[in-house]
Amino acid sequence: MASYIINGGKPLRGEIAVSGSKNAALGIVAAACVLDGPCLIENLPHISDVLTLLDLCRTIGATVEIRDGGAVYFDPRPIHTAQVTDERARDIRASYYLLGALLARFGQAENYLPGGCNFGTRPIDLHLKGFNSLGAKDTLAYGKIILDAGGRLKGDNIFLDKVSVGATMNIMIAATKAEGRTTIENAAREPHIVDCANFLNTMGAKIRGAGTDVIRIDGVERLEAGSSYAIIPDQIEAGTYMIGAAMTRGDVLVKNLIPKHMEPLTAKLDEIGVKLDIQDDAIRVWVEEGQELKSTSVRTMAYPGFPTDLQPQMVAMLTSCTGLSKIYEDVWDNRFQYIDDLKQMGAKITVADRVALIEGPTQLTGAMVKARDLRAGAAMVLAALTAYGESEIYNIHSLERGYEDLIPKLRGIGGDIRKSSDILEAAEREL
Ligand code: EPZ
C-alpha cells in the first residue's frame, strides 16, 4: 500500500503555485453536461476526484479530451442517457452534481448515492427538496436515487433550511434550463459557487446573485456554449501551503491565488503573528526568526467564515503556537477523527463534541499515521514536515483526490517527502 515518507523539522522556503479549484472543477464539469455545444475548460486540476467525474461523463456519452497543457475539451451533445450506471459514482461526493445536470438536460436522472470523505452524516435532503420544488419526484431504490419531473423542470422559490454548498450548486445547475425563474434563498456563497455560475453564464445561462445568499436563475431553452473558461485557483490548496509555511517557520510565496478568497485565513494568521505580504495574485507567508506564534480561537462556518476544509491543517499548526487554542467545528458533526494521529506525534489536544482544545507549543516527532480523509491527510503532511524525524503517512489515495502534484510542489519548497509505492522500496527500508 503506497505511503508518503517525510523527514521533517526543516522550514519550507521558496515559491509554490496553486492549481485550479477542486470544488469549482467538480461543479463545472457536471454543469458542462447541461450545455448544447462544446466548451474548453482550462486550469482544471488533474486530481482523481475530477478525473473520475470526467470518466463518469464519458460513460453517459460526453466527449472528453485532455488537450496539451491540461485543458479539457468537453462536448455534451452525444450524451444519450440520464442514468449513471458506473459504480465509481459511489467513490466521490460530487457525482451527485450529475443529478442536477441530467435533470436539466432530460427532466429525469438516476445515480448512485454519493461517497466522499466520512466525517459524520452527509445527508442530501436539501438537494432533494430543491429538485422536488422544481417538479422532480425522487425515489430511492437499490442504493440509487431516481428523479423524474415528467418533462421540463419548472422554476420555483427555494429556501435552504441550512447553508449547503452542494445543494446550492446542484439546484443552480438543475434550474439553468427550467421554465421561468428559480430563486435560491439562504444560498451558500463559496467562491466555487460563483465560479460555476460564471461558467454557466459564459455558456449562455442567466444566473444572478451567486456569491450572495440569494441566487436568481432565469431558465433558458438552450446553452449554446462554444467558449472556453478558466477555473479559479483552489483556496483550500493555497491555504494548506500558507499554513505549512507558517507552521515550519519558513518563508514561502504562494502564487496563483485570489487574495480575497484567502481573507478568512489571512486574518487568523495575522492575528497569531505570522507575517504576510499580500500581492495581486500571490501571498508571501513567513515567520520572523525566533518569533513566537500566539494561540487563538477559530470557528468554522460557511464562506466568508473560516473554511471547515482548513480546520485540520489549522489544528496541526496551533500545536506550535504558545498557549491554549480552541477550534469549534460548526459545519460537520465528526471532523476531529484525525486528532488521535496528531497525538501519536506528541500533540496535546483534547476534544469534546465539536470543540478541540490545543495546548502549545509542542515539538512534534515523527510517527506512522493515517490520512483518514482528504484534509486530515493534508494536516498529517504538514505535521510530518514540522516534526523532528521520519513520518510515514498511509492511505494516501485520499490525499491525492484533492492535491495536484503534491510531492513535486512540496519538494520545490524544500519538503523532504517521497512516495514508497513499491514492494522493493518497502523491503529495502526493512533491510
Ligand atoms: C462541500 O461539501 C465540499 N465538497 C466539502 O469539501 C466542504 O467541507 C463542504 O462543502 C463545506 O464547505 C465539495 O464541494 C465536493 P455542504 P458538501 O452541503 O456540499 C448539511 C473537501 O475537503 N447538509 O455545504 O457536501 C451537512 O451535513 C470537501 O474538499 C444537510 O443537512 O457540504 C453539513 O452539516 C470535504 N443536507 C452542512 O449542511 C443536505 O442536503 C454543509 O454541507 C446537504 C448538506
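I looked up the ligand first: it sits in the largest pocket. A pocket here is an open set of points on a 1 Å grid over the protein atoms alone, with protein on both sides within 12 Å along at least five of seven lines.

The model is predicted, so local features need pLDDT of at least 70 and side-chain atom pairs pLDDT 80 or more, while totals for chains, interfaces and linings use all residues. Residues are numbered from 1 along each chain as its sequence is written, and side-chain values use heavy atoms, without hydrogens or water.

**Shell.** I found 25 residues around the ligand, counting a residue when one of its heavy atoms lies within 4 Å. D125, S164, V165, D309 and V331 are the closest. By class I get 11 nonpolar, 6 polar and 8 charged; Gly counts as polar, and Asp, Glu, Lys and Arg as charged. Domain 1 (4-19 + 233-430) and domain 2 (22-230) each supply at least three shell residues. The domain bounds come from an automatic or database assignment.

**Polar contacts.** I used N or O pairs within 3.5 Å. A side-chain polar atom of D125 is 2.7 Å from a ligand nitrogen. The side chain of S164 places an N or O atom 2.7 Å from a ligand oxygen. A polar backbone atom of P123 lies 3.3 Å from an oxygen of the ligand. Alone, the ligand exposes 830 Å², and the protein buries 93% of that (Shrake-Rupley, 1.4 Å probe). Helix 1 (22-31), helix 4 (125-133), helix 5 (165-175) and helix 11 (374-386) each give two or more residues to the shell. Helices are DSSP runs of H or I with at least four residues; strands are E runs of at least two.

**Backbone.** I noted a cis peptide bond from Y303 to P304, omega near 10°. P304 is in the loop between strand 17 (297-299) and helix 9 (311-318). G360 and P361 are also joined in cis, omega about 0°. I place P361 between strand 20 (355-360) and strand 21 (368-370), in the loop. N186, not a glycine, has a positive phi near 60°. The loop holding N186 runs between strand 10 (181-185) and helix 6 (191-202).

Conventions:
A polar contact is a pair of N or O atoms within 3.5 Å; within protein, one must be able to donate a hydrogen and the other to accept it, and residues adjacent in sequence count only if both atoms are side-chain atoms. On a 1 Å grid over the protein atoms alone, a cavity is a set of points where a 1.4 Å probe fits but cannot get out, and a pocket is an open set with protein on both sides within 12 Å along at least five of seven lines; lining residues have an atom within 4 Å of a point. A molecule sits in a cavity or pocket if more than half of its atoms lie within 2 Å of its grid points.
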